[in-house]
Amino acid sequence: MTNTRARTAALITPVGQEAQDEARALARDGRTGKAVRRVRKGSWLKRGPAREAVGMLADGHRLPTSSAEALAALRRIDAPLVAELAALLGDGQQIAAVKLLRERTGVDLAGGYHLVLELGSEPETQ
């Protein structure tokens, strides 16, 4: 059974391309535990989301490698949430935006902070 929050966190957390490639190869060789550890080392993902990420990589999916790609993925997954975050940022409530993002997606603090910073750096949000 797929954990929706873990899957969402995996989809919106940047993972280095090298880590993705290595984890995909490890998963293909049946070394899932090592693949999860490699993804965790190359990202801010916790264990559950990292397992989801490895599963997606094994299925041929590509994960975001930058905060900009992660924000684009979040827009595809939950555009109303991005609008709420932008409104909070427009009101100068960066911490509230990070908290809301973490509550709704399961992303960790560092990942949430970087996504909110990326959203705040866009011209229409300022």
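**Note on helix packing and salt bridges in a predicted model**

1. Helices α6 and α7 are roughly antiparallel to each other, a term for angles over 145 degrees, just as those under 35 count as roughly parallel, 65 to 115 as roughly perpendicular and the rest as oblique. Helix α6 covers residues 79-90 and helix α7 residues 94-105, and the two pack at about 160° with their axes 8 Å apart. Here an axis is a line fitted to C-alpha atoms, for helices over the stretch in contact, and angles run from 0 to 180 degrees between N-to-C directions; helices (H or I, at least four residues) and strands (E, at least two) are DSSP runs numbered from the N terminus.

2. The model is predicted, so local features need pLDDT of at least 70 and side-chain atom pairs count only at pLDDT 80 or more, whereas totals for chains, interfaces and linings use all residues. Residues are numbered from 1 along each chain as its sequence is written, and side-chain values use heavy atoms, with hydrogens and water left out.

3. From α6 the contact (heavy atoms within 4.5 Å) takes in Leu81, Glu84, Leu85, Leu88 and Leu89, and from α7 it takes in Gln94, Ala96, Ala97, Leu100, Leu101, Arg104 and Thr105. Sorted by class, this contact has 8 nonpolar, 2 polar and 2 charged residues, where Ala, Val, Leu, Ile, Met, Phe, Trp, Tyr, Cys and Pro count as nonpolar, Asp, Glu, Lys and Arg as charged, and the others, Gly among them, as polar.

4. Helix α1 (residues 4-11) has Ala6, Thr8, Ala9 and Ala10 buried, which means under 20% relative accessible area, with exposed being over 50% and partly exposed in between (1.4 Å probe, protein chains only). What covers these buried residues of α1 includes α4 (47-58), α5 and α7.

5. The axes of α1 and α4 come within 8 Å and cross at roughly 70°, so α1 is roughly perpendicular to α4. The contact joins Ala6, Arg7, Ala9, Ala10 and Leu11 of α1 to Gly48, Pro49, Glu52, Ala53 and Met56 of α4, and by class it has 7 nonpolar, 1 polar and 2 charged residues. As α1 passes α4, the crossing is right-handed.

6. The structure holds 7 salt bridges, each a side-chain nitrogen of Lys or Arg within 4 Å of a carboxyl oxygen of Asp or Glu. Among them is Arg38 with Glu18, whose closest N and O atoms are 3.9 Å apart; Arg38 lies in helix α3 (residues 32-41) and Glu18 in helix α2 (residues 17-28), so the pair ties together parts that are 20 residues apart in sequence. Arg38 is buried at 18% relative accessibility, Glu18 is exposed at 54%, and Glu22 is partly exposed at 32%.

7. Arg75 forms a salt bridge with Glu122, the closest N and O atoms being 2.6 Å apart. Because Arg75 lies in helix α5 (residues 67-77) and Glu122 in the segment after α8 (109-120), the pair ties together parts that are 47 residues apart in sequence. Arg75 is partly exposed, with a relative accessible area of 31%, whereas Glu122 is buried at 15%.

Terms used: A crossing is left-handed if the near helix is turned anticlockwise from the far one by less than a right angle, and right-handed if clockwise.
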